[in-house]
Amino acid sequence: MGGDISLVISVAEAIAQVLSDVVPLAAEEVGIAVARGRVLAREVVAGIDIPPFRNSQMDGFAVRSADLAGSSDAAPVRLRVVATIAAGDAPEGTVGSGEAIRIMTGGALPEGADAVVKVEDTSTDGSTVAVRHAPHPGEFVRPVGEDLRAGDRVLEVGRVLRPADIGLIASLGLPTVRVAVRPRVAVLATGDELVDLGRPLAPGRIYNSNAYTLAAAVEEVGGDAVVFGIVRDTRDALREAFAATRGFDAVLSTGGVSVGDFDFVKEVMDEQGLERRFWQVAQKPGKPITFAARDGRLYFGLPGNPVSSLVCFELYVAPALRRALGMKHVHAPTVEVVMERSVRTAKGLCELVRCTLRRDGDVLLASPTGTQSSGVLRSLSLADCLAISPPGIDELAAGSRVTALRIGPVHTPSPEHPFA
Ligand code: AMP
Ligand code: MG
């Protein structure tokens, strides 16, 4: 970007700048029992066919379908039962003409057989079986490679592993997978007013909530957060804190980036030789945010207001961490909403309005969660989305269609299930 660092840039420019400074993380091998949620760093290719052998989908009888053409309830066909195959038995025996082999679900289909008749369609006296159904060739037979074929590209690089993915990898017999290392993120809360949790609150003081908000947000995107002790509003304290973050992939500080008399974060970042890319984005909340990079490390000087710092995290930090992890898609998902109530917004800034969502027929109705002050964290805790008011307008009018960023868990459990 270069140029004047005091320039107020747009949200889009800030996102582009941050992403352009991201460097991919290293990879490591982890056991699949702990791989859920990790990001695949090496493609998973099937080394074997799954299933590896033809097998039965039912408890029943392995048969030759040609023997049973025309068999029915009215005219059952009787076959000789020559063996029994359980799940796990090595494939053996052959079904000859006029014969059947008793077989369990998962049992290897014997040679000669091309179909399975389920127990419910048969009656047996042990040595013979009366079959009341004419199976088509292949009925209730799971062919070799029905699920995966050797050589299939099963899971691609950048995929966030889900339980079914873990099962696929396990079905191939692989005890480990290669995933991106979790980014190590240092969290520094700055401010003379801050008090550690569990300590008494003196007049004029507040608890340090941001550090824990951000650590949780880091964990949610798959990073590994380390919360540093509270950093006082002095140049020396900041210098010391920044110096202690060497070795981290990203550093998040909160507070001290505005124009207050004790806002030294920018100055100390510059002094440390970090290349500062921007300060001030035309957004609300979170206008005073500064971003710097050096040697592939990312430094986010987030605002101190609790809502501002978390909104900035969603807009800039989360995409950066996802990109570093190798994920293909990195931004918060959007939804189209209709405003249920009007809300005034800051002209000249991109305002992100905290709203709840409710479904009304085909539309999602968004309602502001109350005061939009950047100090009121509760209104973010209540929100399902951030409705976007672009810089040119000063109101999101009731009934207007608006794009919103989805926040919070993607799958919110429902109070009901849809089954009769
Ligand atoms: P600052 O950006 O340092 O001017 O702080 C802006 C506002 O955010 C002030 O009201 C601070 O008290 C508040 N604030 C700063 N840091 C934190 C924190 N770690 N936890 C909660 N509130 C904070
Ligand atoms: Mg401060």
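Hi everyone, let's start with a cluster: F278, F291, F300 and Y316 are linked by ring pairs. A pair here means Phe, Tyr or Trp rings (for Trp, the six-membered ring) with centres within 6.5 Å; planes under 30 degrees apart are stacked, over 60 edge-to-face, and the rest tilted.

Some housekeeping. This is a predicted model, where local features need pLDDT of at least 70 and side-chain atom pairs count only at pLDDT 80 or more, while totals for chains, interfaces and linings use all residues. Residues are numbered from 1 along each chain as its sequence is written, chains are lettered from A and ligands numbered from 1 in the order written, and side-chain values use heavy atoms, without hydrogens and water.

Searching the whole structure gives 5 aromatic pairs. In one of them, the ring centres of F228 and F248 are 5.7 Å apart with planes at 65 degrees, so this pair is edge-to-face. F228 sits in the loop between β16 (224-227) and α4 (235-243), and F248 in the loop between α4 and β17 (250-254), so the pair ties together parts 20 residues apart in sequence. Helices (H or I, at least four residues) and strands (E, at least two) are DSSP runs, numbered from the N terminus.

Are these two buried or exposed? F228 is buried at 18% relative accessible area, and F248 is buried at 6%. Buried means under 20%, exposed over 50%, partly exposed in between, with a 1.4 Å probe and protein chains only.

Now, charges over rings (NZ of Lys or CZ of Arg within 6 Å of the ring centre and within 35 degrees of the ring normal). R235 lies over the face of F264, 4.2 Å from the ring centre, and K266 has its charged end over the ring of W279, 4.3 Å from the centre.
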